[in-house]
Amino acid sequence: MKWSIKLRGTVGEFSLDVELAGEAVTALVGPNGAGKSTVLRAFLHPPESLEGELCLDGAVLWGDGERVPIEARGIAYVGAKPSLFPRQTVQQNVAFGPRMRGQTDANARASEWLKKLAIAHLSERREGLSAGELQRMALARALASSPRLLLLDEPMASLDHLGRAELRPALEAALANVPATVLVTHAPQDVAAYADQVAAIEDGRAVQSGSPASVQSAPATAFLRAFFADLEPAS
């Protein structure tokens, strides 16, 4: 599944001018404040101050006079600090996506993903989940609607070492069950473990893209040189 996005304009005082494309698992990297999360959110909610276009599998989802409703785009988003929808159980949270899409097997889909991500025992909980459990719930909620594109905005950022270790099997399951993923990360280890390609943004501009090995072996900026410095040399 291929995607492409073009964005140009300002968000507040921040200037953005990027053109990116990807497929499989694309890691979006860059310094703090580079515009990564702004780009990721624009897949769903492009600010009115930005011009551009989003395409998925050859179809324009927004831009050029087109605007497909968000619920019909086949895109799911998981942020760094997800939360339960108020007054709903974990089961109801996970069933929300397919239910909103009119899928009659919403509860069965929810149960399937709660089991796959090892949190079926939490299905009736309404509160008191750990950060790692919330992330697994959010992944299940995203995957239950069978998205074509999964957006992950630093899914391990709020987790400690143990929480990250517990989340990795769930993250691997998520990546294996969607046609394409965009993963925003500050961890070169995540790039090495999951990414098929890398796209780097600095100061609102795309500065380099390619396979992890190609970017690691010939980084175009000081940030990328430092980013990959602690990894084993690309083979």
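The legends below describe close-up views of a predicted model.

**View 1. Helix α2 against helix α3.**
Two packed helices are described by the angle between their axes and the distance between the axes. Here the pair is α2, residues 90-100, and α3, residues 106-116. Their axes come within 8 Å and cross at roughly 125°. At that angle α2 is oblique to α3. The crossing of α2 past α3 is right-handed.

**View 2. Residues at the contact of α2 with α3.**
From α2, the contact involves V90, Q91, V94, A95, P98 and R99. From α3, it involves A106, N107, R109, A110, S111 and L114. By type, the residues of this contact divide into seven nonpolar, three polar and two charged.

**View 3. The buried residues of α2 and the residue G102.**
Within α2, the buried residues are V90, Q91, N93, V94, A95, G97 and P98. The buried residues of this helix pack against α3 and α4. G102 follows α2 and has a positive phi, near 75°.

**View 4. The largest nonpolar core.**
In soluble globular proteins, nonpolar side chains tend to be buried together. The largest nonpolar core of this model has 35 residues. V94, L139, L150 and L152 have the most contacts inside it. Two or more residues of this core come from each of β6 (75-78), α2, α3, α4 (131-143), β7 (149-153) and α5 (161-176). The largest share, seven residues, is given by α4.

L150 is one of the residues with the most contacts inside the largest nonpolar core. Residues up to four places away in sequence not counted, L150 touches A76, V78, A142, A174, V178, A180, T181 and V182.

R8 lies in β1, the strand of residues 2-11. R8 is exposed, because its relative accessible area is 52% and the cut-off for exposed is over 50%. Leaving aside neighbours within four places in sequence, R8 is in contact with L16, D17, S49, L50 and E51.

Definitions and conventions: Residues numbered from 1 in each chain as written. Predicted model: local features only at pLDDT ≥ 70, side-chain atom pairs only at ≥ 80, totals over all residues. Heavy atoms only, no water. Axes fitted to C-alpha atoms, helices over the stretch in contact; angles between N-to-C directions. Helix = DSSP H or I, 4+ residues; strand = E, 2+ residues; numbered from the N terminus. Parallel < 35°, antiparallel > 145°, perpendicular 65-115°, else oblique. Left-handed = near helix turned anticlockwise from the far one by under 90°. Contact = heavy atoms within 4.5 Å. Nonpolar A, V, L, I, M, F, W, Y, C, P; charged D, E, K, R; others polar. Core = buried A, V, L, I, M, F, W, Y, C linked by side-chain atoms within 4.5 Å. Buried < 20%, exposed > 50% of the residue type's maximum accessible area, 1.4 Å probe, protein only.
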